Amino acid sequence: MMDDPANPHILTHAHGYVACGGFDIVGFVDCNMEKAKAASARWGGLAFGNLEELFEKQAVEVVSICLPDQAHYATLRALAEKPVKLIFLEKPPVRTLEEADAVRSLYGGLPIRVQVNYTRRFVPEIRRIREAIKNGEHGAFLTGVGYYGKGLLHNGSHMLNLLQFLVGSVGKVARTSETVDFYDDDPSISALLTMSSGGDFYLCHIDSRKFHVFELDLTFERKRIRIWELGAMIEEYSIGDNRLFAGYRTLNKDAEYNTEHTRAMYHAITNIRDNLDRNEPLVCTLGESLATVEVCSNILRGCAE
């Protein structure tokens, strides 16, 4: 069991809705009714075997899609016909460029809002770093490296979405190597990315069957930012005189701190509540997330712009 109401960390959608307030959980839908019943017993609401049964019996405003990656597209198409206000969708939003185009076209004409759970976007400390980058406090982006595993779309898209969030759009890509370590049709891939604003980023995969990793290291003209421990820790380095060698200017660590990574779900759902209540902008929109799928598609094709 990943999460329960007594857990001090908020790790699941259900816990996020309960902790945030302003939401009543009306039900869980699962083709395995025993799983749906277990979830409803833990978090509240009723158990349903399919979406049709849910919407026949309940008024629903917000739906969370917490399904295997390959089920996201069909579920988005099904919900497009339902009277919901907002969908909270697990990453990746879809798995192919064709699905991305179809979903963009479909939801572009609907009043349904979509938030995608690229978790680290909701971490307050990471959001503050983004503001500093946007305001030019760190200077131009020079280079970076990111380590991930468990599939380019499944987990690598986390890294790419965060890179886009912090640095901007990706230009050219060149695929270098790959490993199949989770889904057979979603290899973990290493690639060299050239950012549209300049600077190269090295996307490096590590076989998740050996261990799990998520580390992002970005270097700017005046600052180095290292996000590690899956996003739970951040180090910051500033340029200054080397402490041992006179005349050398080096990057010296001036901060190391914990983040609210284990409360990211709380912040994501608080953002959803504020969007519904007072039209606060969503932090991770469908359009931004589909742009990440496009980068993944380019990497899978080998090299493109």
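I looked up K150 and found it in the loop between β6 (141-148) and α7 (152-166), where helices (H or I, at least four residues) and strands (E, at least two) are DSSP runs numbered from the N terminus. The model is predicted, so local features need pLDDT of at least 70 and side-chain atom pairs count only at pLDDT 80 or more, while totals for chains, interfaces and linings use all residues. Residues are numbered from 1 along each chain as its sequence is written, and side-chain values use heavy atoms, with hydrogens and water left out.

For K150 I noted a phi near 75°, a positive value in a residue other than glycine. Its relative accessible area of 23% makes K150 partly exposed, given that buried means under 20%, exposed over 50% and partly exposed in between (1.4 Å probe, protein chains only).

I then turned to L230, in the loop between β11 (223-228) and β12, which has a positive phi of about 65° although it is not a glycine. L230 counts as partly exposed because its relative accessibility is 41%.

Next I checked the peptide bond from K91 to P92, which is cis with omega near -15°; P92 sits in the loop between β4 (86-90) and α5 (97-108). I kept in mind that most residues other than glycine have a negative phi, and that most peptide bonds are trans.

Last, I looked at Y248, in the loop between β12 (233-241) and β13 (249-258). Y248 counts as exposed because its relative accessibility is 54%.
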